[in-house]
Amino acid sequence: MHEQKWQRRRSSRWQQGGRRRAVPAAAAAAIGILTMGALAPPAASAATKPDSVQQGLDTLVHSDGLPAALASVKDRDGRTRTYTAGVGDLATGSKVPRDGQVRIGSNTKTFTAVVVLQLVGEGKIGLDEPVDTYLPGLVRGDEIDGRHITIRQLLQHTSGLPDYSAYIKDAVLKHRYFAPRELLDIALQHKADFAPGAKFAYSNTNYVLAGLIVEKVTGRSLAEEMDRRIIQRIKLRHTYFPAPGDRTIKEPHPKGYHREAAGQPLRDFTELDPSAGWAAGQIISTNSDLDQFFSALLAGRLLPAAQLAQMRTTVPMGDSGAGYGLGLISRPLSCGGVYWGHGGDIPGYETRGGVTEDGRAANIAVTSIPTDEAATQHVESVVDTALCR
């Protein structure tokens, strides 16, 4: 899940924050302008005049109608500032928790890809081995054959597998638990989008399969492997993979909102069953932990050099200028160069951000998925502003 029909609307639900595609009716409604509470001042700053990042967040709230916006920005010297705008609860007008936890949607894909690539480095998975090497006979359907789809194609969204998230309605995912194999079964009811390797097309199904392969190879749950190999290793203190049936967010957090159809009111989607995201979009984290995660990844603290180089080898994502690697996206900056990250959407929350080669980092979260392209571009513009200051 990073990003819209869950992926079809803007690129996917739990998608990457890339270009959008048409969304299902349940997710396509426009978000109206909301009544806002007082804005929280930027952290680590005594200035009364908002800086450019604060101004960007304020615009997301006042002009784009998003209930709340949060940011964590690290400069070249390692100094970090956190920012908030809007209100954390539309009913009470309460403040937005500074660096509060949010559902990070398809940023989860980068965590999954890191675990897979660690196993590649350990000689337990081959990037160019077919899926059937690890899950024999499991992936079969109309023009779908796991003997001809490689692990690399899963991680880079070039497998041609249909996206199961296009067939799950928001009202259903809020309350229902989906086992990973159920998600795969939904996808396999549909014809392949194209032959493996023919092109790029974002599909959450790829990462469900990657997660199942991790579990098959290690004999442990994906959540355990993520915790052991990533979360504990680099001390992400506010990041976790919710247990089955856990619909809550553990630490202070702004509420997340979603509109199911045009003309309907925003609904509180803070509590939902995230199992429809699983390896593609289930994790909960904070902006500062995402800064720390992507910084550690690009610094070589999570992967050997060979596997990190493979992760950073990209294919074009349409004409956006962005490139998709193995669970990692490069996007151009207005000030030159690129930044590396992912991004994600899941009903209630959207996140965008990443890190630069020289150590700058920024992540932005908003508490409702924007329903028009302009608002989404405004979120991405705040990331650019933060990284180009």
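This is a predicted model: local features need pLDDT of at least 70, side-chain atom pairs count only at pLDDT 80 or more; totals for chains, interfaces and linings use all residues.

Analyst: Let's start with the term itself. Rings of Phe, Tyr and Trp (its six-membered ring) count as a pair if their centres lie within 6.5 Å; planes under 30 degrees apart are called stacked, over 60 edge-to-face, and the rest tilted. By that rule, the structure holds 4 aromatic pairs.

Take phenylalanine 200 and tyrosine 324. Their ring centres are 5.5 Å apart and their planes meet at 40 degrees, so this pair is tilted. Phenylalanine 200 belongs to the loop between helix H5 (180-188) and helix H6 (204-218), while tyrosine 324 belongs to strand S10 (residues 323-324), so the pair ties together parts that are 124 residues apart in sequence. Helices (H or I, at least four residues) and strands (E, at least two) are DSSP runs here, numbered from the N terminus.

Tyrosine 324 also pairs with tyrosine 202: the centres are 6.2 Å apart and the planes are at 80 degrees, so that pair is edge-to-face. Tyrosine 202 sits in the loop between H5 and H6, so its pairing with tyrosine 324 in strand S10 ties together parts 122 residues apart in sequence.

Residues are numbered from 1 along each chain as its sequence is written, and side-chain values use heavy atoms, with hydrogens and water left out.

Elsewhere, ring pairs link Phe111, Phe293 and Phe294 into a cluster. Phe111 turns up again in the largest nonpolar core: of its 83 residues, Phe111, Leu297 and Met311 touch the most other members. Such a core is a set of buried Ala, Val, Leu, Ile, Met, Phe, Trp, Tyr and Cys residues joined through side-chain atoms within 4.5 Å. Helix H2 (residues 107-121) gives the most to this core, with 8 residues. Leaving aside residues up to four places away in sequence, phenylalanine 111 touches residues including Ile104, Met226, Leu290 and Phe293, contact meaning heavy atoms within 4.5 Å.

Key. Buried means under 20% relative accessible area, exposed over 50%, partly exposed in between (1.4 Å probe, protein chains only).
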